[in-house]
Amino acid sequence: MFRKIYRYFDILKAVASATYKEWAAYRTHSMVSIFVGPVYFLVQFFIWKAVYASRGSINGFTLEQTLTYFGISALIEYLIMDFADWNLQMLIHTGKFLTFMLKPMSHVYFAFSQKIGHRILGFIFEFTPVMLIFLLVFRITIFPVRPFWALISIILGYLMRFLVDYSIGITAFWFTKTSGIRRVFLLFRDVCSGVFFPLAFLPELWQKALMLLPFQFIAYVPIRVFIGSYELGGISCSIPQIVAIQATAVTVMAIFTIVLYKIGVRRFTGVGT
Amino acid sequence: MIRGLQIYLMALKHNFAARMAYRADFIFSSLMSFVSEMFIPLITFFIYEMGSSFPGWGFYEVLLLQGIFMLSNGVARLTFFGIVSSTLGHVREGTYDLLLIKPRSTLFLSIANVFSPDSIGTIFAAVYIIRLSLDKLVWPGALSWIEFLVLFLFSLMVLFSFSLFMAGSMFKWVGNSRIYEIFDSITSFGNYPATIFSKSFRILISNVIPIALLGFFPASALLGKEIEGALSAALVCIIFLALGLCFWRFMLSKYTSAGG
């Protein structure tokens, strides 16, 4: 049992390390975030400043809270982002997935290990500098109210993001080229996960519908746990409660992803270009 | 000139045929472009639905601005914006040489090869949004339409300049697909009325990097609002284009085949 765990850990370490080295060669690509993150934040700052000019709060959020939400949202994105969907569809489309069929390990685990290496790089070259800019230039409060629960929630958001993205990539087993599907799914994911604006800004019916989908557990829940309170669709939860719900949702999503992968991989025929 | 047009049409035909090899993905992609373009207007809808607003601009006026921004992006992506991804791919694979050895202008061949039918969805979405907004507003007069068309051409010039800067940087900054994020972040200021920005920012997006031409000035012209600053922005746009062309040529001269 322990030998198996050690073996899996060794694989994870080796793949993550190789991915880190591979992407570190393009570290200036990661450093694009140092420009893009603050610029997007500046746009949000102007938009919401204008919107709040005529009123003190919107759906319980003050201007300061809204800006904090966007700041934390941007930072969490650097910790959890991945490209599992693009990578998997590219492997299937080009036929390169064939090499993974021959390896004595699941591609799901390989992709997850890749994500770890990639995000370690993101932590160094994206998260840390942008956090400093937000902290020192924009004076955003970026310290979690309950650090332990915030950390757990971000880890769960990280897992949920991977599982959702990977499931989108799995659709390539059916469609081969999935740029259209991916585009809409990714937009839908970002809107429904609260990346673009707090989900509490949506009409109440929409908020209730979002409670049934996995997307809020990617970003909205970690951000709210970070801020220290959770509320959606008129339902409030304590922080431990919502993190427990998030953990359950991640487990269900993991089962769904593995089942979908097993069904999808049977359809693979090594389509080359 | 006629030969150039023939080459362009032939390349266009080939691009269309290549895209049609994945017809289902094309149809889906176009439909999804239409749907995904509704995102920014949807945020605007929520803002106005909550009883807030952008000072001095009604809901349909902002919608019109965003529709015009979408239209200029759609036309650019359909016709020339693909030179960025094409240069990115060719330089990374070392196949850009294939364009250099052909007996035509490299820039012309780059543009001819990047016709992107997928953007039709974006153009439809833009036309739909513009039509919807104009139906709810006072229909513009002939002069407003002329002003709009002139400013719209300038907006395409701005986007062409951006594509030259981005494609040019690809010759040295090999394989950086995140260049789009830089572009998207800078131009995202153009999706909203310039009046919401501080004075220094307004000067920046009008007279330094003329992003205000992408939506704000053409929309103001159609709405009969004051377009003070549009002339200087247009002049800056011409300089911006000249700089873009110089930059692209300079970077092309630095290109060394890196593929194998």
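Which residues of chain A do ring pairs link into a cluster?

## Aromatic cluster and charges

The members are F97(A), F100(A), F110(A), F112(A), Y158(A), F162(A), Y166(A), F173(A), Y261(A) and F268(A). Rings of Phe, Tyr and Trp (its six-membered ring) pair if their centres lie within 6.5 Å; planes under 30 degrees apart are stacked, over 60 edge-to-face, and the rest tilted.

Two of these rings carry a charge above them: the charged end of K103(A) is 5.4 Å from the centre of F110(A), and K115(A) lies 4.2 Å from the ring centre of Y158(A), over its face. A charge sits over a ring if NZ of Lys or CZ of Arg is within 6 Å of the centre and within 35 degrees of the ring normal.

## Basis of the model

This is a predicted model, in which local features need pLDDT of at least 70 and side-chain atom pairs pLDDT 80 or more, while totals for chains, interfaces and linings use all residues. Residues are numbered from 1 along each chain as its sequence is written, chains are lettered from A and ligands numbered from 1 in written order, and side-chain values use heavy atoms, without hydrogens and water.

## A pair between chains

Over all chains there are 58 aromatic pairs. One of them, F46(A) with F197(B), is edge-to-face, at 5.2 Å centre to centre and 90° between the planes. F46(A) counts as buried because its relative accessibility is 6%, and F197(B) is buried at 2%. Buried means under 20% relative accessible area, exposed over 50%, and partly exposed in between (1.4 Å probe, protein chains only).
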